[in-house]
Amino acid sequence: MPRDAAVAQARQLDRAMLIKVLQSAELRRSVPLVSAIVQDGAADVLEGMDDDRLADRLARLPAHERTAALRLLQPATRASVQRLMDYPEGTAGRIMTTRFVQVPPDWSVAQALSYLRQPGHRHGTVYSIYVADADGRLRFVLSLRELVSADPAQPLAALWSGAAPITTHALADREDVTRLIRLYDFLALPVVDEEQRVIGIVTVDDVIDTLMEEAQEDMNRFGGAEHMGAPYLEVGFFAMLRKRGGWLAILFLGEMLTASAMQHYEMALEKAVVLAMFIPLIMSSGGNSGSQATSLLIRGLALGEVRLRDWWRVLVRELPTSVVLGAGLGAIGFARILLWQHLGLYDYGEHHLLIAFTIWASLVGIVCFGSTIGSMLPFVLQRIGLDPASASAPLVATLVDVLGLVIYFSVAALLLSGTLL
């Protein structure tokens, strides 16, 4: 819906439905909708939202509207939301909810279930209960399934397996939190402070939102553009130019080096024009191999399957793989030249075998180079603190294009000197 129509429609919804809309992760018009709610003074709607979602919505408002919204909240809710907004963007503290169930270990199962059933409590989403000692330090975690299937007379401490609880801290990167939840198949992960006191939980639905947002950012960067931050059809003309133009200009400047390389080998091209026919083949094969390697390594780094210290293992793995792949592609190119020559489809001249071998050797070198650059670039970017997804396919292809030409003509000069060159 257009902005004004969306606001008008929202004002006609009942309180429960409006809260449900505002809680939705897919909501695109959160800023104008929350602004309208603040203008209307609808404090009950804001109070009905989960603290983490409310903090996320308020953080997107202009400063004066955010201040007005906070004034509408009850002191306890205001303190909780303000604390969440104080955490840096991209951390566990920013996406956690402060609504969770914490009980003492000396309670029985029946007492815990009775506590959960009490009306008026703002427990939030209950996947687990957190059992803490008298000082508030987390002892262990019980899933709701374990609780409802246990003997009501049993003390909670009797259900503890003895394993230390898996936790995270508020300043942990949200991607690390996502990795933990994925690794242990959790529905919620407790966030603790330095004293092991639970200050919030990150739930699986928050993680899904994070995954979707991170994936969108990575896809934009990997395609050679900045993160749009909005649906495609809603990005303005000048914003689209700004987001895409910078990368295109950088890539264009890089490709200008390709023209410089070709000028350097202009004499060789004049002597053996047939070499020019294979330039697109050579360049695309190197770029494709580099893009493949980059895609695999970015995914591996994102999922924690590969760590920064594993760069040498990746290099040792990529080199023999790329040699075989390059040799295979080169064999196809070699066979193509021989086939065209013998079928009379094209005359490569008396030195067609040397030309075929030049293409084969060049493809081996260029595919090896492309795979090496493509696999190492994400490590370099992560090492200097940049997002590995910035190692976009166009960037890798540009690097390989320039140096691939150098490899191609260097091989040609070595093998064809005294014949074609």
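Q: Which residues do ring pairs link into a cluster?
A: Ring pairs join Phe 278, Tyr 346 and Tyr 348 into a cluster. Rings of Phe, Tyr and Trp (its six-membered ring) pair if their centres lie within 6.5 Å. Before we go on, this is a predicted model: local features need pLDDT of at least 70, side-chain atom pairs count only at pLDDT 80 or more, and totals for chains, interfaces and linings use all residues. Residues are numbered from 1 along each chain as its sequence is written, and side-chain values use heavy atoms, with hydrogens and water left out.

Q: How many aromatic pairs does the structure hold, and how do I describe one?
A: You describe a pair of aromatic rings by the distance of the centres and the angle of the planes. Planes under 30 degrees apart count as stacked, over 60 as edge-to-face and the rest as tilted. Here there are 9 aromatic pairs. Take Trp 107 and Tyr 115: their ring centres are 5.6 Å apart and their planes are at 70°, so this pair is edge-to-face. For Tyr 346 and Tyr 348, the centres are 4.8 Å apart and the planes at 55°, so we call that pair tilted.

Q: Is Tyr 348 buried or exposed?
A: Buried means under 20% relative accessible area, exposed over 50%, and partly exposed in between (1.4 Å probe, protein chains only). Tyr 348 has 6% relative accessibility, so it counts as buried.

Q: What sits over the ring of Trp 340?
A: A charge sits over a ring if NZ of Lys or CZ of Arg is within 6 Å of the ring centre and within 35 degrees of the ring normal. In this model, the charged end of Arg 336 sits over the Trp 340 ring, 4.5 Å from its centre.

Q: Why is β5 largely enclosed by the rest of the structure?
A: Count its buried residues: 5 of the 5 in β5 (residues 188-192) are buried, so the rest of the structure largely encloses this strand. Ala 188, Pro 190 and Val 192 cover one side, with Leu 189 and Val 191 on the other.

Definitions and conventions
Helices (H or I, at least four residues) and strands (E, at least two) are DSSP runs, numbered from the N terminus.
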